[in-house]
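Morning, everyone. Let me walk you through one structure. Please take a look at it first.

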Amino acid sequence: MACSNILTGILNLVTLVFSLPIIAVGIWLAKQHNTVCYHFLEWPVIAIGGFILVVSLVGMLGAWCNNFKSLLVPYLIVMFVLIAFLFVFTIFAFVVTNTGGGDAVPGKGFQEYHLGNYSTWLQKQVDKASLWDKIQICVKDAKVCNKLDNEYPTSTQFDAASLTPVQSGCCKPPSSCDFTFDSATNWTGTPASSADPDCSEWNNNNLCFNCTSCKAGVLQDIKHDWRKVAIVNIIMVALLIIIYSVGCCARQQGSGSSDKIDP
């Protein structure tokens with residue numbers, strides 16, 4: 001067996017093993033955010049991991065099993081498409097998560113998040129009423145606001161709190177509303193006409209789940225997760241390019257051997 005064939009098989013075994021944590025990350029994201037929440041994030045990750053697993057398995061069979069040598073050509077074609085797709089997807093992930101982030105609030109331990117800071121594509125995702133309704137249900141079911149009253153019983157403690165993006169965006173009114181603190185999830189006051197529109201959305205029953213700041217908090221979580229996925233994809237693209245190059249070499253050696261005529 002040619003050395004390049006052995007190396008191709010070994011490298012495909014490596015990518016097969018690497019595909020398993022990618023699939024696991026997708027499943028973890030699905031479980032972490034509930035199956036109906038952030039689905040436009042986790043399913044591409046699961047699909048990519050599954051595709052890499054299948055392609056790696058075909059590459060191993062083509063490199064190591066004589067009966068599957070004919071698979072090397074379609075394998076190389078699919079590998080090229082996979083590399084191109086991963087490259088485009090990774091660039092897209094970095095572009096749509098390039099903007100956004102929290103804004104510091106003077107005298108507060110937490111940051112606040114504004115929808116306009118994020119990419120247009122991400123904003124459009126959470127602006128879809130059907131999708132946002134599902135995400136709201138997810139966040140509420142996660143009970144992200146329930147412990148705040150006990151953890152931060154006074155305004156001083158709350159001001160020093162290190163809130164998550166979702167807690168900051170969904171569980172309290174924006175600081176610009178200048179509401180009076182009764183508890184972490186109970187605020188009183190009348191918003192001025194010039195105040196942030198989210199001030200009018202706040203109420204002590206539904207909190208700020210209808211606020212744009214809540215959508216921004218969710219997008220901050222998505223940005224954080226997609227950045228992790230994009231970094232893994234960069235590693236996978238580099239590894240797949242190496243495997244593709246070795247696979248092409250294996251294919252050339254195989255063609256050269258088949259062209260030889262025995263004396």
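A word on UniProt positions: they are given in the numbering used here, feature names are shortened, and annotations may be inferred rather than shown by experiment. This is a predicted model, so local features need pLDDT of at least 70, side-chain atom pairs count only at pLDDT 80 or more, and totals for chains, interfaces and linings use all residues. Residues are numbered from 1 along each chain as its sequence is written, and side-chain values use heavy atoms, with hydrogens and water left out.

The unreviewed UniProt entry puts "transmembrane region" at residues 6-29, 41-63, 75-96 and 229-247. Take 75-96. The span is 100% helix and 0% strand, and its end C-alpha atoms lie 31 Å apart. Helices here are DSSP runs of H or I, at least four residues, numbered from the N terminus.

Now helix α3, residues 72-96. V81 sits there. V81 is partly exposed, at 48% relative accessible area. That term covers the range between buried, under 20%, and exposed, over 50% (1.4 Å probe, protein chains only).

Next, the rings. Phe, Tyr and Trp (its six-membered ring) pair if their centres lie within 6.5 Å; planes under 30 degrees apart are stacked, over 60 edge-to-face, the rest tilted. The count is 10 aromatic pairs. In one of them, F92 and W121 have ring centres 5.1 Å apart and planes at 85 degrees, so the pair is edge-to-face. F92 is in helix α3 and W121 in helix α4 (residues 120-127), so this pair ties together parts 29 residues apart in sequence. F92 is partly exposed at 31%. W121 is partly exposed at 29%.

Finally, the cluster: ring pairs link F85, F89, F92, W121 and W226.

Conventions
Helix = DSSP H or I, 4+ residues; strand = E, 2+ residues; numbered from the N terminus.
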